[in-house]
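This report describes a protein model. The sequence and structure come first.

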Amino acid sequence: MKRYSAEYRRDAIALVRSSGRTVTEVARELGVSPESLRSWVRRDQSDRGEGAPGELTSAEREELKRLRRQNREQQQTIEILKKATAFFVRESDR
């Protein structure tokens, strides 16, 4: 899978927005997958507040990913502490 720079994606999105041509036409001209370009345009619309109701912006998606990672780490810490507590309770009963 080819990775495109943020600048390239921005320019491609701007071309779609300003040219009046379809995403498929612009994608063909640029040699980009129409699905990729459509995804970039949709994400840009969302980030501009023009997306579908309830659609997350890129910043919100990043925050959600960070919070999920943090939650997973905290759950692991809780499990370790539970096991340590059980161990120390058993040891103190001896």
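## Basis

This is a predicted model, in which local features need pLDDT of at least 70 and side-chain atom pairs count only at pLDDT 80 or more, while totals for chains, interfaces and linings use all residues. Residues are numbered from 1 along each chain as its sequence is written, and side-chain values use heavy atoms, with hydrogens and water left out.

## Overall fold

The protein has four helices and zero strands, in the order α-α-α-α along the sequence. Its radius of gyration is 23 Å, well over the 12 Å that the globule rule gives for 94 residues, so the protein is more spread out than a compact globule. Helices (H or I, at least four residues) and strands (E, at least two) are DSSP runs, numbered from the N terminus. The radius of gyration is taken over C-alpha atoms, and the globule rule is 2.2 Å times the number of residues to the power 0.38.

Along the principal axes, the C-alpha atoms fill a box of roughly 80 × 30 × 20 Å. Of the 94 residues, 15% count as buried; buried means under 20% relative accessible area, exposed over 50%, and partly exposed in between (1.4 Å probe, protein chains only). Among contacts with a separation of 6 or more, 35% come from residues 24 or more positions apart, where contact means heavy atoms within 4.5 Å.

## Helix H3

Helix H3 covers residues 34–47. At 1.5 Å a residue its 14 residues should span 20 Å, and its end C-alpha atoms are 20 Å apart, which agrees; the expected span is 1.5 Å times one less than the number of residues. The buried residues of H3 are Leu37, Trp40, Val41, Asp44 and Ser46, and they pack against helix H1 (6–19) and helix H2 (23–30).

Ser46 has a relative accessible area of 3%. Leaving aside neighbours within four places in sequence, Ser46 is in contact with Gly51, Glu55, Leu56 and Thr57. Just after H3, Gly49 takes a positive phi of about 80°.

## Tyr4

Tyr4 lies in the segment before H1 and is buried, with a relative accessible area of 19%. Beyond its neighbours within four places in sequence, Tyr4 is in contact with Arg9, Gly31, Val32 and Trp40. Trp40 is also one of the buried residues of H3.
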